[in-house]
Amino acid sequence: MSPAESAGARPDAAPTVDRSRSALGLGLLGSELAVLFRRVRTIALLAALALIPVLLAVAVRVTSSDGGGGRGPAFLGDITQNGLFVSLTALTVAIPLFLPLTVGVVAGDTIAGEASLGTLRYLLVTPVGRVRLLLVKFAAAAAFCLAATLVVVVFGAIAGAALFPVGPVTLLSGQTIGLGEYALRLLLMALYVTMSLLGLSAIGLFASTLTSVPVGAMAATIVLSTVAQIVDALPQLDVLDPWLFTHHWLGFADLMRDPVSWDSFGANALLQAGYVVVFGALALGRFTTKDVLS
């Protein structure tokens, strides 16, 4: 082949390389998602989350049947009037503790789990690269956040419809909407909660690059989530509230107003993006210099 022919072949080769790298990245993501959602631990975590709205609905049903419907928080009484409120109530119950707990387990295991099993070095032998592997791990953790939130919402709707009457939904602002619009708002709330957990996922990813002991990374992530919520609840530390990744976690209730208030949605998106960028950069800096053979 002449030099001119060789020179002419190079532009055609570059897109081929890019496509193969892209295919490799998508294949790695697909493999990571398959491994994650086939694990017994992941299935158990999702099953535990599914039990939250079911147990909540059963408890309200039992207490309302035996004349104890007047006890407990007022919003629990709304469930007896419309079973579709089970999803909203279950999200409110799950996001302070149960969702962060499960996300902390998954995010803390992303890199540390591979290191503890001795598979991290073999993953990096393939032409994947550490940056791409880190992005795939974060994408898988984000996918779990979405799956976990949808499990709470879907099983809440199923349990509510099975145990209580279902009908038009009265919003927090007093207006009434139909089932279709409420289903759309539930989906938006699920997306809001998923977005709220992305900052925690980035923190867990960073913690996972610091150790080869998954339990340590999981515990650190969960503890930070708890501490942030405690700080957020202290009036003396209100100055820190806008910087806490947990500050807007309950803001999804604004989607139950008409017109919808998007202020908390935008503020939460900006805050979570900041945490993802900062802790993603820290994870990248740590992981790209990490000795995977040690």
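The lining of the largest cavity in this predicted model divides into 5 nonpolar, 2 polar and 6 charged residues. Here Ala, Val, Leu, Ile, Met, Phe, Trp, Tyr, Cys and Pro count as nonpolar, Asp, Glu, Lys and Arg as charged, and the others, Gly among them, as polar. A cavity is a set of points on a 1 Å grid over the protein atoms alone where a 1.4 Å probe fits but cannot get out, and lining residues have an atom within 4 Å of a point.

Searching the whole structure turns up 1 cavity of 30 Å³ or more. The largest cavity has a volume of about 110 Å³, the space filled by probe spheres set on grid points joined across faces, edges and corners. Of its 13 lining residues, Glu32, Leu36, Arg39, Val106 and Thr110 lie nearest the centre.

Now to two single residues. Thr209 belongs to helix H10 (residues 198–209). Thr209 counts as buried because its relative accessibility is 0%, where buried means under 20% relative accessible area (1.4 Å probe, protein chains only). Leaving aside neighbours within four places in sequence, Thr209 has contacts that include Ile111, Leu134 and Phe287, with contact meaning heavy atoms within 4.5 Å.

Leu172 sits in the loop between strand S1 (169–170) and strand S2 (176–177). Not counting residues up to four places away in sequence, Leu172 touches Ala253, Met256 and Arg257.

Residues are numbered from 1 along each chain as its sequence is written. Local features need pLDDT of at least 70, side-chain atom pairs count only at pLDDT 80 or more, and totals for chains, interfaces and linings use all residues, while side-chain values use heavy atoms, with hydrogens and water left out.

Note on methods:
Helices (H or I, at least four residues) and strands (E, at least two) are DSSP runs, numbered from the N terminus. Buried means under 20% relative accessible area, exposed over 50%, partly exposed in between (1.4 Å probe, protein chains only). On a 1 Å grid over the protein atoms alone, a cavity is a set of points where a 1.4 Å probe fits but cannot get out, and a pocket is an open set with protein on both sides within 12 Å along at least five of seven lines; lining residues have an atom within 4 Å of a point.
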